[in-house]
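Here are a few exercises to work through with the model in view. Try each task yourself before you read the solution.

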Amino acid sequence: MSTKPESLSQATEKFTKSAESWLTDADAPAVASLRLMAKQLDKEYNAALSNSYGLTYRSLLKRAPEEIEEEIDPLDELIP
């Protein structure tokens with residue numbers, strides 16, 4: 001992760017790109033809304049819009065598949 005600050009629009013694009021494998025066409029309206037809200041929030045902060053962005057983001061994030069057990073490093077269980 002870069003230490004350079006990024007815009008909300010850039011962060012949104014990173015999120016949607018990383019979520020391509022599990023987002024579906026049914027998510028398209030939420031993704032479009034997320035992008036529009038991010039663009040507006042980059043221009044001018046608005047508390048209500050920021051709240052809506054957060055709700056939409058979390059709603060999409062909840063659709064992410066759960067981590068597969070085989071991907072967990074067995075050493076993680078041994079190290080407290």
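**Exercise 1.** Work out which parts of the chain the salt bridge between Glu13 and Arg35 ties together.

*Solution.* Start with the atoms: in this predicted model, the side chains of Glu13 and Arg35 form a salt bridge, at 2.7 Å from N to O. Next, find the two partners: Glu13 sits in helix H1 and Arg35 in helix H2, 22 residues apart, so the pair links distant parts of the chain. Finally, check the surroundings. Buried needs under 20% relative accessible area and exposed needs over 50%. Glu13 has 37%, so it's partly exposed, and Arg35 with 36% is partly exposed too.

**Exercise 2.** Decide how H1 runs relative to H2: roughly parallel or roughly antiparallel?

*Solution.* Take the angle first: H1 (residues 8-18) and H2 (residues 28-43) pack at about 160°, with axes 8 Å apart. Angles over 145 degrees count as roughly antiparallel, so H1 is roughly antiparallel to H2. Now look at who touches: Glu13 of H1 and Arg35 of H2 are among the contact residues. Sorted by class, the contact has 6 nonpolar, 3 polar and 4 charged residues.

**Exercise 3.** Classify Asp27 and Arg63 as buried, partly exposed or exposed.

*Solution.* First, spot the link: the side chains of Asp27 and Arg63 meet in a salt bridge, 2.6 Å from N to O. Asp27 lies in the loop between H1 and H2, while Arg63 lies in the loop between H3 and H4. Then use the areas: Asp27 has 5%, so it's buried, whereas Arg63 has 43%, so it's partly exposed.

Terms used: Residues numbered from 1 in each chain as written. Predicted model: local features only at pLDDT ≥ 70, side-chain atom pairs only at ≥ 80, totals over all residues. Heavy atoms only, no water. Axes fitted to C-alpha atoms, helices over the stretch in contact; angles between N-to-C directions. Helix = DSSP H or I, 4+ residues; strand = E, 2+ residues; numbered from the N terminus. Parallel < 35°, antiparallel > 145°, perpendicular 65-115°, else oblique. Contact = heavy atoms within 4.5 Å. Nonpolar A, V, L, I, M, F, W, Y, C, P; charged D, E, K, R; others polar. Salt bridge = Lys/Arg side-chain N within 4 Å of Asp/Glu carboxyl O. Buried < 20%, exposed > 50% of the residue type's maximum accessible area, 1.4 Å probe, protein only.
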